[in-house]
Amino acid sequence: MKLPQLLKNVDVLHITGEPEGDVFSVCYDSKSCVRNSLFVAITGLLRDGRTYIPEAIERGANFIIHEGDFIPPPGATAIKVRNARRALGVLGKNLYRHPSSELCLVGVVGTNGKTTVTYLLEAVLKAAGYGVGVLGTDNYRYHDRLLPAHNTTPESFEFQKIMREMADSGVTHVISEVSSHAVDLGRVDDCAFDLGIFTNLSHDHLDYHGNMENYFRAKLRFFKEVLPAGGKRRQYKMVINGDDSWGQRILKEATEPFLTFGLKNEDDVRGEIISLSSEGTKAIIHSGTSALAISCHFIGMFNLYNVLATAAAAFALNVPERFIREGIEGLKGVPGRLERVSLPGETALFVDYAHTHDALTRVLQNLSEFRRGRIITVFGCGGDRDRGKRPLMGKAATDYSDVTIITSDNPRGEDPLEIIREIESGIEMDRVIKVIPEELSWHKGERCFTLLPDREKAIELAVGIAGPNDTVLIAGKGHEDYQIVGDKRLSFDDRKVSREALDSRRNG
């Protein structure tokens with residue numbers, strides 16, 4: 001692509017060198033640069049891309065987008081911009097011919113439930129006969145292609161690239177989880193969204209945002225700025241959890257037309273509970289004069305909200321009711337989201353991605369409704385992440401569990417024992433007994449907890465002490481098939497370890 005065409009709408013401050021020329025590729029990783037590449041030197045959270053300019057030029061890049069001061073060597077062109085990260089998204093939009101303008105693009109925003117809603121809405125849209133692509137925490141997928149997800153929401157340039165591939169392959173609808181980081185860093189600023197869904201907001205990512213207000217403002221920015229900027233006109237542009245106080249704030253501050261969902265009479269799409277059980281959920285979804293009966297495999301009140309969000313989004317996209325029912329009822333479950341690992345008739349063992357105080361509380365509250373025996377919970381907290389939620393999760397786990405085993409999650413660069421100590425600081429010691437792992441099975445009538453940093457041994461212990469009527473929850477990692485310890489990414493899957501522990505137990 002010609003350089004002037006590629007730079008269309010980029011906030012260029014100054015060009016040093018040849019302002020014309022052909023650009024053969026765009027890269028923001030210097031190792032990816034080749035002859036006639038354009039290298040974007042992003043000032044990142046951990047690294048300053050400007051330090052990699054010499055390597056990019058050495059590999060063949062002769063166009064450099066940068067901030068600050070840089071004098072290019074002979075034969076190279078330096079393009080100074082106000083914001084290199086922001087420029088990257090515009091370059092992607094230009095290079096890949098604005099793919100979101102050819103797609104129906106749906107963004108799912110919120111702390112919890114985003115992944116489940118993407119799976120549910122994907123099932124509904126597929127039932128209606130659409131070609132569907134999904135970008136989310138688990139993976140990026142469309143048709144028969146499955147790509148690893150390096151971020152919940154791709155970097156801006158990759159977002160445009162994947163959408164172009166989807167559009168060219170016949171995809172008509174793309175559903176994307178949109179993280180607060182992605183909104184704050186401008187990854188979705190150059191995407192034309194048809195619809196935004198807000199699930200809820202609770203304590204998370206404060207290591208990045210600092211406080212809940214900043215966290216909320218990042219979510220709000222999607223609805224207040226990004227969604228309108230896409231320019232697409234629809235009867236409804238926002239689907240908002242009307243029962244969530246943060247959702248109510250979005251409705252007051254954002255001006256796009258909306259539908260609310262929830263369990264209250266004033267919600268536009270309202271759920272009427274028929275039954276909630278360990279086998280699934282039965283409900284009637286009311287919308288105007290419509291009453292849609294649903295019987296699905298998803299467990300618990302929080303999943304009913306995910307179902308309602310999906311139904312409201314489908315109504316906003318004018319999907320007929322029969323496909324809404326077919327999609328929701330046909331989906332058996334979501335990987336790592338309250339995923340049952342055990343067989344019918346034995347100890348109920350679930351693996352769930354709950355890694356926030358709110359998510360863990362909701363999962364345990366719902367499991368409590370169906371309990372016959374004890375609830376045994378295994379969980380930890382990730383290292384190098386929001387430390388403020390650790391004591392809150394310690395309290396939530398011990399408040400709603402009979403037995404809690406605190407272990408490692410992804411400790412990353414932190415000492416696992418220090419993370420565990422911070423979790424333990426939130427436990428009300430006058431209500432819960434602390435015991436050593438070897439004594440855990442002795443305290444069957446008392447609420448207790450123990451510390452066991454080895455996650456595999458913690459899972460084996462939970463399975464070993466569980467009775468046939470007990471419920472075991474392994475929380476925090478869900479679908480992940482790895483554990484990050486230091487700078488090493490080790491193979492580890494809660495579901496695999498749990499199955500092996502159950503097999504060992506069955507074999508005596």
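**Figure 1. Asp 384 sits in a loop between a strand and a helix.** In this predicted model, look for Asp 384 in the loop that links strand E19 (375–379) with helix H13 (389–400). Its phi angle is near 60°, a positive value in a residue other than glycine. Is Asp 384 buried, exposed or partly exposed? With a relative accessible area of 42%, Asp 384 is partly exposed, because that value falls between the 20% limit for buried and the 50% limit for exposed.

**Figure 2. Asn 9 is another loop residue with a positive phi.** Here we move to the loop between helix H1 (3–6) and strand E1 (12–16), where Asn 9 has its place. Phi of Asn 9 is near 70°, again a positive value in a residue other than glycine. Asn 9 has a relative accessibility of 64%, so this residue counts as exposed.

**Figure 3. Ser 156 is a buried residue of helix H5.** Helix H5 covers residues 156–168, and Ser 156 is found in it. The relative accessibility of Ser 156 is 2%, so Ser 156 counts as buried. Which residues does Ser 156 contact, once its neighbours within four places in sequence are left aside? They are Arg 85, Leu 88, Gly 89, Gly 186 and Arg 187.

**Figure 4. Helices H4 and H10 pack against each other.** Helix H4 (residues 114–127) and helix H10 (residues 301–316) meet at an angle of about 45°, and their axes are 9 Å apart. That angle makes H4 oblique to H10. The crossing of H4 past H10 is right-handed. On the H4 side, the contact is made by Thr 116, Val 117, Leu 120, Leu 121 and Val 124. Their partners in H10 are Asn 303, Asn 306, Val 307, Ala 309, Thr 310, Ala 313 and Ala 314. Sorted by class, this contact has eight nonpolar residues, four polar ones and no charged ones.

**Figure 5. Stepping back shows where these close-ups belong.** How many helices and strands does the protein have? There are 16 helices and 25 strands. The radius of gyration is 25 Å, close to the 23 Å that the globule rule gives for 508 residues, so the protein is as compact as a globular protein of that length. Its C-alpha atoms fill a box of roughly 80 × 55 × 40 Å along the principal axes. Of the 508 residues, 58% count as buried. Among contacts between residues at least 6 apart in sequence, 66% join residues at least 24 apart.

Terms used:
Residues numbered from 1 in each chain as written. Predicted model: local features only at pLDDT ≥ 70, side-chain atom pairs only at ≥ 80, totals over all residues. Heavy atoms only, no water. Axes fitted to C-alpha atoms, helices over the stretch in contact; angles between N-to-C directions. Helix = DSSP H or I, 4+ residues; strand = E, 2+ residues; numbered from the N terminus. Parallel < 35°, antiparallel > 145°, perpendicular 65-115°, else oblique. Left-handed = near helix turned anticlockwise from the far one by under 90°. Contact = heavy atoms within 4.5 Å. Nonpolar A, V, L, I, M, F, W, Y, C, P; charged D, E, K, R; others polar. Rg over C-alpha atoms; globule rule 2.2 N^0.38 Å. Buried < 20%, exposed > 50% of the residue type's maximum accessible area, 1.4 Å probe, protein only.
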